[in-house]
Amino acid sequence: MADRLLEWKLIGRALADRAGAPFVRATRSIRAFVEPAADRLLIAPQDLRTADPTVATDIYAGVFVFSGQIVECNGRSPFEMAPPSEDWARVLHGFGWLRHLRAADTASARSNARILVDDWLRIADHPPIAWEPEVVARRTMAWLAQSPMILAEADRTTYHRFLAGLTRQFRWLRVRWGEEPTGLPRLKVAIAVLATAIAVDGFRRHIKTASRRLDDELKRQILPDGGHVGRNPVTILEVLIDLLPVRQALAARGHPVSPAMMGAIDRMMPMLRFFRHGDGAFALFNGATTTPTDLVATVLAYDDAQGRPHGNAPHSGYQRLEAEKTVVVMDTGAPPPPEFARTAHAGTLAFELSSAAARFVVNCGAPFRPVKDWRRVARSTAAHSTLVVDDHSSARIRDEGAFVDLLGPILIGGPSDVPVDRAEADGAVAVTASHDGYAADYGVVHERTLRLSANGDILDGRDRVVPFEGGTDDVPFVIRFHLHPSVKVGRLGDHGVVLIGHAGEGWEFTCDDLTPEVEESVHLADLHGLRRTSQIVLASGEDGPREIRWRFSRTARSHAKGR
């Protein structure tokens with residue numbers, strides 16, 4: 001009943017916003033279109049995203065590879081081609097690929113960039129995807145960042161057409177302010193509006209207003225510990241990629257950088273290190289997918305502190321246990337507020353384990369590219385290294401009906417109470433947490449304790465199913481430990497499994513309470529698509545043990561039998 005009331009409340013809010021949008025838009029449109037148009041560019045914010053000059057060769061040949069799909073134009077404009085998917089179209093119209101042409105640094109690449117941008121500007125009617133708020137924000141940021149390349153040899157007509165295009169997009173974003181989805185898209189739009197106001201001479205009068213709007217979003221979305229309210233680790237990287245150049249542009253033009261912006265950046269930087277494993281990749285929680293490690297390194301170069309990450313992120317709902325070269329990251333938070341839960345996962349109390357540059361225990365992660373129904377599967381509890389009761393997720397994904405048309409596939413229900421206790425003694429770290437995500441349907445609470453030894457060689461774990469408010473604990477459950485695809489797996493007697501990482505380092509998994517089984521799994525967060533892997537499974541029936549103790553321990557073994 002509580003979930004149903006929440007759904008209707010969210011629907012009512014969304015309908016009210018939509019009903020009022022045309023009136024607000026009309027008022028803003030009148031103001032916007034009597035304002036001066038863009039006259040000249042003053043500065044080009046830096047693009048921190050890494051680039052590949054070999055991609056420029058494909059683009060020059062009319063081959064556009066986005067989101068794992070290829071379109072060959074054969075002499076036609078890419079904007080006239082039928083897109084193979086919505087994701088492909090969003091990347092095309094977002095123009096982030098211009099950075100690859102810049103990286104090529106050739107006359108032909110510069111000419112190609114100018115022709116393609118001008119080609120887009122000449123088309124009168126673009127598909128609706130091209131005017132989605134986040135796509136417009138991406139395109140605006142890309143055009144500003146690459147404007148020196150685009151306009152280097154442009155004639156006067158092309159130059160003015162480019163400025164007219166920027167003006168249209170700037171007005172469009174300002175007029176529709178608040179209509180974009182909450183979360184990262186709204187932050188992206190706010191950053192793009194401020195960047196344009198800084199970069200274009202005729203829009204400088206909007207800097208203060210745009211800065212206040214961005215400050216409001218940063219206060220709303222960036223938590224006190226530096227995490228994002230949506231709880232996706234990669235979101236803070238996405239925000240910093242665009243926010244850092246805007247901070248530089250403000251300073252370069254002599255405008256003050258607000259305390260809210262400075263504070264948000266200072267809080268987010270340590271969180272990049274918090275979520276990072278030894279190989280540079282982020283832990284896979286709540287929509288996180290494969291992370292370009294070179295991009296993370298680029299952003300971290302702006303971190304003046306360069307310190308070791310803290311272990312407790314109570315506002316974001318995560319814990320980090322670290323000793324020597326071993327890192328454990330654990331999800332100890334409830335799902336985010338529904339309006340920020342479009343990509344959230346039902347993975348409370350899941351963890352990941354890595355040693356140096358080798359990852360061992362992981363979550364399946366979100367698909368890097370859209371593949372059938374795998375995005376939904378990735379959000380289930382079973383796709384995480386945690387305990388699953390009766391093959392049901394600890395939170396529900398609402399992804400059907402009119403509800404989704406209004407709010408998106410949000411995560412609802414699930415844990416509301418996640419108490420956490422962290423203790424550190426003699427170099428060892430122990431975290432005990434529990435969640436009530438199964439209390440309503442099954443009358444039980446899941447409690448998990450992780451303890452990492454001082455030398456990082458042993459991770460002890462305990463999972464318990466505890467009756468909730470006088471209920472019984474006779475429910476079947478499974479504890480899953482998904483393994484990274486690079487891990488080789490072998491048996492170790494009846495109660496153990498041997499794991500060998502890609503660098504030859506070995507770990508043993510043991511459990512005396514249940515017999516560990518090795519089953520197939522799938523790793524979704526990979527640049528090249530889905531990858532087959534393995535998982536360790538501990539299954540307990542209704543009459544089985546309610547408390548399971550298990551251990552991962554580093555070993556000198558360097559090989560395993562089979563997989």
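**Entry 1: helices, strands and overall form**

I counted 16 helices and 21 strands in the chain. Helices (H or I, at least four residues) and strands (E, at least two) are DSSP runs, numbered from the N terminus. I then looked up the radius of gyration: it is 25 Å, close to the 24 Å that the globule rule gives for 563 residues, so the chain is as compact as a globular protein of that length. The radius is taken over C-alpha atoms, and the rule is 2.2 Å times the number of residues to the power 0.38. Along the principal axes, the C-alpha atoms fill a box of roughly 75 × 50 × 45 Å.

I noted that this is a predicted model, where local features need pLDDT of at least 70, side-chain atom pairs count only at pLDDT 80 or more, and totals for chains, interfaces and linings use all residues. Residues are numbered from 1 along each chain as its sequence is written, and side-chain values use heavy atoms, with hydrogens and water left out.

**Entry 2: burial**

I found that 55% of the 563 residues count as buried. Buried means under 20% relative accessible area, exposed over 50%, and partly exposed in between (1.4 Å probe, protein chains only).

**Entry 3: salt bridges**

I searched the whole structure and got 34 salt bridges. Each is a side-chain nitrogen of Lys or Arg within 4 Å of a carboxyl oxygen of Asp or Glu.

I looked at Arg 90 and Glu 86. Their closest N and O atoms are 3.5 Å apart. Both residues lie in helix H3 (residues 86-94), 4 residues apart, about one turn of the helix. Arg 90 is partly exposed at 21%.

Next I took Asp 118 and Arg 161, which meet at 2.7 Å, N to O. This pair links distant parts of the chain: Asp 118 sits in helix H5 (residues 107-122) and Arg 161 in helix H8 (residues 156-175), 43 residues apart. Asp 118 is buried at 9%, while Arg 161 is partly exposed at 22%.

I also checked Asp 279 and Arg 359, bridged at 3.0 Å, N to O. Asp 279 lies in the loop between helix H12 (259-274) and helix H13 (293-300) and Arg 359 in strand S7 (residues 358-362), so the pair ties together parts 80 residues apart in sequence. Arg 359 counts as buried, at 13%.

Last, I found a network of salt bridges that links Asp 47, Arg 49, Lys 188, Glu 238 and Asp 242.
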